[in-house]
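This report examines helices and aromatic contacts in a single protein model. The sequence and structure are shown first.

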Amino acid sequence: MSTEQITFLKGHGTENDFVIVPDPGNALDLPPAVVARLCDRRAGIGGDGLLHVVRSAAHPEAATMAAEAEWFMDYRNGDGSVAEMCGNGVRVFARYLQRAGLVEAGDLAVATRAGVRQVHIAKAPAAGGDGDITVGMGAALLPDGEVTVTVGERSWPARHVNMGNPHAVAFVEDLAHAGNLFTAPPVHPASAYPDGTNVEFVVDRAPGHVAMRVHERGSGETRSCGTGACAVMVAAARRDGVDPAVTGSPATYTVDLPGGRLLISEHPDGRIEMTGPAVIVAEGVIDPEWLATAFV
């Protein structure tokens, strides 16, 4: 790890919070131990994950996307593991680019391990504050096969939804039935998710309106999960007999999370869009001597 000071920012999207590390030239070495140290809530900066901000052309995993998207979201979970995609993270990533003067309100493309995501930053409202950010989340995949989620003595059938990362969505009577979600709820068969999965527990609030809690793979329970909210919307719509590809009309669900509210829309061509807030709350410098203890 470099002995030079490293700039960081802290941001959140519906209280799904992230350490943001700008590194346009991909000069920083960020092994899992360093990421976990930075995301530690008691001994570090604290966050559900880390957004490593790199120019696509400078990162070997994103170089092929550089012609479509200048910036690559090299996303890491709070435990340091690499993740394919983070919906709330994309919104916060875009807000950072806007704050840094690298992009303006309007449309931009962001490269992720799940592919290029189209983003729209709304103009600031007349009343002040920041405009919401909409992210094109791609289309959902609905793998075949029955999946079951278990907490204690309770088990529920779950819908397997892939949003570029895997999800198991279970509809329950009470969100408290999800337990503490510190550890991953068992999902059967395990072969359905060879690399682990995010698990969502969902209750109905009103027609087209649900609430959820989530265990994020590699992070535990988080206050919000963008890809999880999209997976929940698709699972709820199919359960309700709604499929925009069949009806020819978009469907929108309101999804309440512990950290706030997201609007999720699915279009007849399969495109899913997520709209919600993104906030930068702090900026500072990491002490290199402290960070070096991650290797001890």
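At 2% relative accessibility, Tyr75 counts as buried, where buried means under 20% relative accessible area, exposed over 50% and partly exposed in between, with a 1.4 Å probe and protein chains only. Phe18 is likewise buried, at a relative accessible area of 0%. The model is predicted: local features need pLDDT of at least 70, side-chain atom pairs count only at pLDDT 80 or more, and totals for chains, interfaces and linings use all residues. Residues are numbered from 1 along each chain as its sequence is written, and side-chain values use heavy atoms, with hydrogens and water left out.

Rings of Phe, Tyr and Trp (for Trp, the six-membered ring) pair if their centres lie within 6.5 Å; planes under 30 degrees apart count as stacked, over 60 as edge-to-face and the rest as tilted. Phe18 and Tyr75 form one that is edge-to-face, at 5.9 Å centre to centre with 75° between the planes. This pair links distant parts of the chain, 57 residues apart: Phe18 belongs to strand β2 (residues 16–22) and Tyr75 to strand β4 (residues 71–77). Helices (H or I, at least four residues) and strands (E, at least two) are DSSP runs, numbered from the N terminus.

## Aromatic pair between β9 and β12

The ring centres of Trp156 and Phe201 are 5.7 Å apart and their planes stand at 80°, so this pair is also edge-to-face. Because Trp156 lies in strand β9 (residues 154–162) and Phe201 in strand β12 (residues 198–206), the pair ties together parts 45 residues apart in sequence. Trp156 counts as buried at 10% relative accessibility, and Phe201 counts as buried at 0%.

## Helix α2

Helix α2 (residues 87–99) has 13 residues and reaches 19 Å from its first C-alpha to its last, close to the 18 Å expected; the expected span is 1.5 Å times one less than the number of residues. Of the 13 residues in α2, 11 are buried, including Arg91, Phe93, Arg95 and Tyr96. Gly101, which follows α2, has a positive phi near 75°.

The 14 residues of helix α3 (residues 226–239) should span 20 Å, and the end C-alpha atoms are 20 Å apart, which agrees. In α3, 12 of the 14 residues are buried, among them Cys230 and Met233. Just after α3, Gly241 takes a positive phi of about 80°.

The charged end of Arg239 sits over the ring of Phe171, 4.4 Å from its centre; the criterion is NZ of Lys or CZ of Arg within 6 Å of the ring centre and within 35 degrees of the ring normal.
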